[in-house]
Amino acid sequence: MTGHEVVKLRVNFKTLEEFENFREYGQQELSMKEDLEENIVENDSESPFYGVYFGNKLVGRMSLYKINAKYDQYFDPPHDYLELWKLEVLPGYQGKGIGNAMVEYAKSFGLPVKTNARQRSDDFWKKQAFSPLTYQTDRDRGENPYVWLPEGVKEKLHVQEKAVQAKSEPIENEET
């Protein structure tokens, strides 16, 4: 155990203020901030945001969404799964097990966990026992999906992959 407690973050202006401490490049940072703002406006008490505090300071955060099996395009058999977005640890607190604690928290639900490796984070996800999915253009649309699979769940084969496997089976000659 790392000793880092992962807590559900409240959907309020204090959390929005704490998010200001996280500096990131590109649209990813805006996405999480906008998501929080939308939840505040809608007065949504079901927060998808989790974090780790050091004292009173939020030093690590992530979004965790439960996706219903009917929308599953990744797993065989189809399964409810968690989508982990925007795991981030503030500089100065990295390398202290905070990211690991948040990933372990997500895994503790016993559901498959999907994320997208970004900004050269592939090694981090591999250390967390995540594997890259076979890239499928129509499904992944430029994302770099990685998954953690609990026992009994495997990657869903794409229709084309199944066809290739079927074609590679030996054909028996029916002539006698």
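A crossover is right-handed if, with the strands pointing away from the viewer, the path from the first strand over the helix to the second runs clockwise. In this predicted model, strand S5, helix H3 and strand S6 make a β-α-β unit of that right-handed kind.

**Sheet**

The strands of this unit belong to an open sheet of seven strands with mixed pairing, in the order S1-S2-S3-S5-S6-S8-S7. Its edges are formed by strand S1 (6-8) and strand S7 (131-132), each of which pairs on one side only. Strands of a sheet pair through backbone hydrogen bonds, either parallel or antiparallel. S5 and S6 pair in the parallel sense, over two bridges. S3 and S5, by contrast, run antiparallel and are joined by seven bridges. S6 (residues 113-116) and S8 also run antiparallel, with four bridges between them.

Individual partners can be followed across the sheet. Tyr65 stands opposite Glu83 in S5. Glu83 in turn has Lys114 of S6 as a bridge partner, and Lys114 is partnered by Val147 in S8.

**Helix H3 and strand S5**

H3 lies across S1, S2, S3, S5, S6 and S8, and runs at about 170 degrees to S5. Seven of the ten residues of H3 are buried, so the helix is largely enclosed by the rest of the structure. The buried residues are Ile98, Gly99, Ala101, Met102, Val103, Ala106 and Lys107. S5 is likewise largely enclosed by the rest of the structure, because eight of its nine residues are buried.

In soluble globular proteins, nonpolar side chains tend to be buried together. Here the largest nonpolar core has 29 residues, and those with the most contacts inside it are Met62, Leu84, Met102 and Trp125. At least two residues of this core come from each of strand S2 (49-54), strand S3 (57-67), strand S5 (81-89), helix H3 (98-107) and strand S8 (145-148). H3 provides the largest share, five residues. A second, separate core has seven residues, including Ile67, Tyr74, Tyr81 and Val147.

Leaving aside neighbours within four places in sequence, Trp125 is in contact with Leu84, Leu87, Val103, Thr115, Ala117, Phe130 and Tyr146.

Eight aromatic pairs are found in a search of the whole structure. The rings of Tyr74 and Tyr81 have their centres 5.8 Å apart and their planes at 75 degrees, so this pair is edge-to-face. Tyr50, Tyr105 and Phe109 form one aromatic cluster.

Leu111 is located in the loop between H3 and S6. Beyond its neighbours within four places in sequence, Leu111 is in contact with Lys66, His79, Asp80, Tyr81, Leu82, Trp148 and Pro150. Leu111 and Glu151 are 40 residues apart in sequence, with a C-alpha to C-alpha separation of 9.5 Å in space.

| Residue | Relative accessibility | Class |
|---|---|---|
| Tyr74 | 6% relative accessibility | Tyr74: buried |
| Tyr81 | 3% relative accessibility | Tyr81: buried |
| Leu111 | 15% relative accessibility | Leu111: buried |

Residues count as buried under 20% relative accessible area. At 15% relative accessibility, Leu111 therefore counts as buried.

Notes: Residues numbered from 1 in each chain as written. Predicted model: local features only at pLDDT ≥ 70, side-chain atom pairs only at ≥ 80, totals over all residues. Heavy atoms only, no water. Core = buried A, V, L, I, M, F, W, Y, C linked by side-chain atoms within 4.5 Å. Buried < 20%, exposed > 50% of the residue type's maximum accessible area, 1.4 Å probe, protein only. Contact = heavy atoms within 4.5 Å. Pairing = 2+ DSSP bridges. Axes fitted to C-alpha atoms, helices over the stretch in contact; angles between N-to-C directions. Phe/Tyr/Trp six-rings, centres within 6.5 Å; stacked < 30°, edge-to-face > 60°.
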